[in-house]
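Student: I have a model open and want to learn how to read it. Where do we start?

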Amino acid sequence: MTPTSLLAAAAPALPHTDSNGRLLIAVLLSIGAIVLLITKLKLHPFLALLLGSGLLAAVAAAPFDKLLTSFATGFGSTVAGVGLLIGLGAMLGKLLADSGGANTIADTVLARAGRRGLPWAMALIAAVLGLPLFFEVGVVLLIPIVLLVARRGNVPLMRIGIPALAGLSVLHGLVPPHPGPLVAVDALKADLGVTLAFGLLIAVPTLIVAGPLFGRIAQRWVGPLAVPAAPGSDTAPGSAADKPAADGDGTPHGGTTPAGTGSGTATATRTALPTAVRPEHAPRFGAVLATILLPVVLMLGKALVDVVVDDPKAGIQRVFDFIGSPLIALLAATLLGMVTLGRAAGFDKQRISDTVAGSLGPIAGIVFIVGAGGGFKQTLIDVGVGQAVSDWATDWHVSALLLGWLIAVLIRLATGSATVATITAAGIVAPLAAGMSSSHSALLVLAIGAGSLFFSHVNDAGFWLVKEYFGMSVGQTLKSWSVMETIISVVAIALILPLSLIV
């Protein structure tokens, strides 16, 4: 049975117009309203998505008395599925940052890399740190290391800065448990373990191309840069007051709020960023690496056992289904991190408790944005937009993967937010995933994630963060950071499409 026939057999949750043209107009108007409210009126994304859902229902002739039920259903299911994981990820990231574990990873890798290997070492460090850390936390922790290495090794700043940024951005957009991929996994009902495996497979070559290789080109395009002072010093380029930290949607790069940082609103993103911490007792490299990789190993183990054993009643598969579930895997890593990171850094019980507690407040903004996106997604589905898009894609023979990527690209360019782009694109193409295999639904998640990274520009907080910390002009930032983000997006989809023909 095809996805279209499955959709046809399902009754819509909300009465709506039978005109596909009117439904597509409703989508365009609602997305346009969300973009306008976020970028021009500076309305918080939560409110913009709520109002956009109302406009969608009005144009699609859906009854308003049932709209709130549809929105609340999507909001609740999304927060239940993603909110807990974001919270646990924030706890782990905060422990990693405050304990000095990030510096342990960086110092160990850099000590073993020669001058010619520094760009590759920075890419590796960023990729490892990018697994548990939100983008902006990773940037802030890596900036002092990048500047120190550039100064001591007399290496052009772009040669090592671009690989570091690419490592963080690739992991942020393509690999769970980051919020963007998690939201798409939840919306498309994809298998998280399979998505994680494919995400890592796509991330490695993408990082190589957009990081160390493009770094050489970016160095020539940007020209020589003076190595700025470390962030937080009196001479650091761009204080917190220089530029608004958040993009038009009020969220950091990619629409995510970093663990232990601002609240996800425009006023808090840059003012509460953590600094690189070096406590008196730093955790050991092996312990830090094991803690970071534990949830990855558990989730990949579950995916492998599901394929090899393929018997839901088998004891070993039931065990791995439990320990490899995202909630348990991240919970285990967080509890382990309290010992391997917190206690190893000399934190007492109260300090560990305060660190964990301090990670939760700042993520409230992203949880509400993600939840509102889930409500908007559910409204899209319930008024029959998914069916209309499915019919359109079938008539025009457009690949679901390419369609998801293109929709995410357009919304990313308009809003600057990868989270808004991911949520909206996933909601629109969700019906196309109904009849897909676990492999192809996972690849659809990655296609949307790749599109959500396309060409970061002036409406994205990440753009200004990179510009100010590296002391570049707007033009230089466009030539380096913006092009790097575009390369990540294009290379990723160029790898995803042929992979979909094999798996």
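This is a predicted model: local features need pLDDT of at least 70, side-chain atom pairs count only at pLDDT 80 or more; totals for chains, interfaces and linings use all residues.

Student: How many helices and strands does the chain have?

Tutor: Helices (H or I, at least four residues) and strands (E, at least two) are DSSP runs, numbered from the N terminus. Here the chain has 21 helices and zero strands.

Student: What share of the chain is buried?

Tutor: Buried means under 20% relative accessible area, exposed over 50%, and partly exposed in between, with a 1.4 Å probe and protein chains only. Of the 503 residues in the chain, 59% are buried. Accessible areas come from the Shrake-Rupley method with a 1.4 Å probe; for residues, only the protein chains shown count as cover. The chain exposes about 18,700 Å², and carbon and sulfur atoms supply 67% of that area.

Student: What do the contacts say about sequence separation?

Tutor: Contact means heavy atoms within 4.5 Å. Take the contacts between residues at least 6 apart in sequence: 81% of them join residues at least 24 apart.

Student: How do I read the span of helix H18?

Tutor: The expected span of a helix is 1.5 Å times one less than its number of residues. H18 covers residues 418–429, which is 12 residues. Its C-alpha atoms, first to last, span 16 Å, close to the 16 Å expected.

Student: Is H18 mostly covered or mostly open?

Tutor: Mostly covered: 12 of its 12 residues are buried. Among them are Thr-419, Ile-423, Gly-427 and Val-429.

Student: Where is the kink in H13 centred?

Tutor: The bend at a residue is the angle between axes fitted to the seven residues ending there and the seven starting there. In H13 a kink of about 30° is centred on Leu-336. H13 runs over residues 326–342 and reaches 22 Å, close to the 24 Å expected. Its buried residues include Ala-333, Gly-337 and Thr-340. Cover for the buried residues of H13 includes H4, H11, H12 and H14.

Student: Which side chain does Thr-291 pair with?

Tutor: A polar contact is a pair of N or O atoms within 3.5 Å; within protein, one must be able to donate a hydrogen and the other to accept it, and residues adjacent in sequence count only if both atoms are side-chain atoms. The side chains of Thr-291 and Thr-340 make such a contact at 2.6 Å. A polar side-chain atom of Thr-291 also lies 2.8 Å from the backbone oxygen of Ala-287. Thr-291 sits in H11.

Student: Why does Thr-291 count as buried?

Tutor: Because its relative accessible area is 0%. Beyond four places in sequence, Thr-291 touches residues including Leu-92, Leu-336 and Leu-341.

Student: Which backbone oxygen does the Ser-500 side chain reach?

Tutor: That of Leu-497, at 2.5 Å. Ser-500 lies in helix H21. Ser-500 is buried, with a relative accessible area of 12%. Setting aside neighbours within four places, Ser-500 contacts Leu-401, His-440 and Leu-443.

Student: Why is Gly-173 counted as buried?

Tutor: Because its relative accessibility is 8%. Gly-173 belongs to helix H8. Outside four places in sequence, Gly-173 is in contact with Pro-181, Gly-449 and Leu-453.

Definitions and conventions
Residues are numbered from 1 along each chain as its sequence is written. Side-chain values use heavy atoms; hydrogens and water are left out.
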